[in-house]
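Please load the model in your viewer and keep the sequence panel open beside it.

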Amino acid sequence: MTDFGDFKATLQTRRQFLKLSTLFSAAGALPLLQMASAARAAQPDAPLRIGYLPITDATPLLVAHHNGLFEQQGLQVEKPRLFRSWAQIVEAFLAGQVNAVHLLSPMTVWARYGSQSRAKVVAWNHMSGSGLTVQHHIDRVADLGGTTVAIPFWYSLHNIVLQHLLKSQGLEPISDGNPGPTQVKLVVMAPSDMVPALANKQIAGYTVAEPFNANAEVLKVGKILRFTGDVWKDHACCVVLMHEQDLEQRPEWSQKVVNGIVRAQAWIQDNRQETARILSRDNPQKYTPHTYEALANVLEPERMDNAHYEGTGAIVNKDWKEKRIDFQPYPYPSYTEELIRKLKTTLVSGQNAFLQELDPAFVARDLVDDRYVKQAILANGGPAAFGLPDSFSRVETITT
């Protein structure tokens, strides 16, 4: 039986989802877009205001703030503002309360083309950093037939990769009703609710960003069935979104913001342990509520027990030598193009007709503004410093 606390948490998640859906409808977004335009026009010298969720996807933004990298660029910056849901962070961004956020990469597609909001991706926040966590008795993706699995949002890489895996095993994703033996019901759930829902056996599993997969391991309430970065090699999950008006009217300011993010990613590469300490709840800044142990398990490569995960099947493509989470800022056009192709064939609840009209090559050019990140990379050791090819191009690799 679901207790009252669980019911309230579920109800709150439902309310946030409905609120977010309203925000991204044309009618719901328009008043907020007008508010945002007015707010930015009235504050041409507005300081950097970062919005984030307490997940590892926000790492570069938080490290840049903690290490004073934005101030070193001559920027005024406020303490990053923590939000508890995607609905809250999107609402604050559209209303101009924050001007740089990390957002699930598919959500940026929805924002620009589903709601006509003037926002652009300027960089990646990280690569990989997510997983599919399940109850201990589930050993294969095929075992998920007839169960319910939680996702953080319909427009998420987690949903795309999960459905890719389910379909490879002949399972049909559904959003309503009770799942049959060859179906898997997907439900939207806040990341903070996923671990207790798994522990209470309300769901068979969930797919989400770290450290919520690591939290399930530390608490011994679940295990990682597959790392998403082992399915889509070096995929982005969250990206940095900024207002197009800032990019057009405050180019020097925008360049400094991106410079700080890129410098943070370069620093993180050689300071993984300190990064985990910065993000942990022990830091006086209280960026996140997570333990150092869970964060270190994600961020420190030496803690990655590859032999164990290869044995369980969480890692299949061992020759990829993937880190559990990695950092490089360049938003590859090939990724955006493949993202659009995948979204067209992924079950996405709500208003999604606009997806079928999108041209992948056009979106890669229109949604992403890579001018600033290219310049920042060149100023921080060039592509080689981030393991990137000089051509700023790659071929996407997706397996099952």
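Helices (H or I, at least four residues) and strands (E, at least two) are DSSP runs, numbered from the N terminus. Residues are numbered from 1 along each chain as its sequence is written, and side-chain values use heavy atoms, with hydrogens and water left out. The model is predicted: local features need pLDDT of at least 70, side-chain atom pairs count only at pLDDT 80 or more, and totals for chains, interfaces and linings use all residues.

**Stop 1: helix H15**

Select Ser 334, which lies in helix H15 (residues 333-344). Ser 334 is buried at 18% relative accessibility; buried means under 20% relative accessible area, exposed over 50%, and partly exposed in between (1.4 Å probe, protein chains only). Next, display the residues in contact with Ser 334, where contact means heavy atoms within 4.5 Å. Apart from neighbours within four places in sequence, these are Arg 394 and Glu 396. The side chain of Ser 334 also makes a polar contact with that of Glu 396, at 2.6 Å. A polar contact is a pair of N or O atoms within 3.5 Å; within protein, one must be able to donate a hydrogen and the other to accept it, and residues adjacent in sequence count only if both atoms are side-chain atoms. A C-alpha to C-alpha distance from Ser 334 to Ala 361 gives 8.5 Å, for a separation of 27 residues in sequence.

Remain in H15 and select Glu 338 and Arg 341. They form a salt bridge whose closest N and O atoms are 3.1 Å apart; the term denotes a side-chain nitrogen of Lys or Arg within 4 Å of a carboxyl oxygen of Asp or Glu. Being 3 residues apart in helix H15, the two are separated by about one helical turn. Glu 338 is buried, with a relative accessible area of 17%, whereas Arg 341 is partly exposed at 38%.

**Stop 2: salt bridges across the chain**

The structure holds 18 salt bridges. Select Glu 248 and Arg 118, whose side chains meet in one of them (2.9 Å, N to O). Glu 248 belongs to helix H10 (residues 244-249) and Arg 118 to the loop between helix H6 (105-114) and strand S4 (119-124), so the pair ties together parts that are 130 residues apart in sequence. Both residues are partly exposed: Glu 248 has a relative accessible area of 46%, and Arg 118 one of 40%.

Now move to Lys 223 and Asp 139, whose side chains form a salt bridge at 2.6 Å, N to O. Here Lys 223 in strand S11 (residues 223-227) is linked to Asp 139 in the loop between strand S6 (130-134) and strand S7 (147-151), 84 residues apart.

**Stop 3**

Which residues cover the two faces of S12? Cys 238, Val 240 and Met 242 lie on one side and Val 239, Leu 241 and His 243 on the other, and all are buried. With 6 of its 6 residues buried, strand S12 (residues 238-243) is therefore largely enclosed by the rest of the structure. Strands count as paired if DSSP finds at least two bridges between them. S12 pairs with strand S3 (residues 100-104) in the antiparallel sense over 5 bridges, and His 102 stands opposite Val 240. S4 and S12 also run antiparallel, joined by 5 bridges; there, Trp 124 stands opposite Val 239.

**Stop 4: the nonpolar cores**

A nonpolar core is a set of buried Ala, Val, Leu, Ile, Met, Phe, Trp, Tyr and Cys residues joined through side-chain atoms within 4.5 Å. The largest has 119 residues, and those touching the most other members include Phe 70, Trp 86, Tyr 155 and Met 242. Helix H11 (residues 251-270) gives the most to this core, with 7 residues. A second, separate core of 6 residues includes Ile 224, Met 304, Tyr 309 and Ala 314.

Centre the view on Tyr 155: leaving aside neighbours within four places in sequence, its contacts include Leu 104, Trp 110, Leu 343 and Phe 354. Then select helix H5 (residues 86-94), where 7 of 9 residues are buried, among them Trp 86, Ile 89 and Phe 93. Just after H5, Gly 96 takes a positive phi of about 80°.
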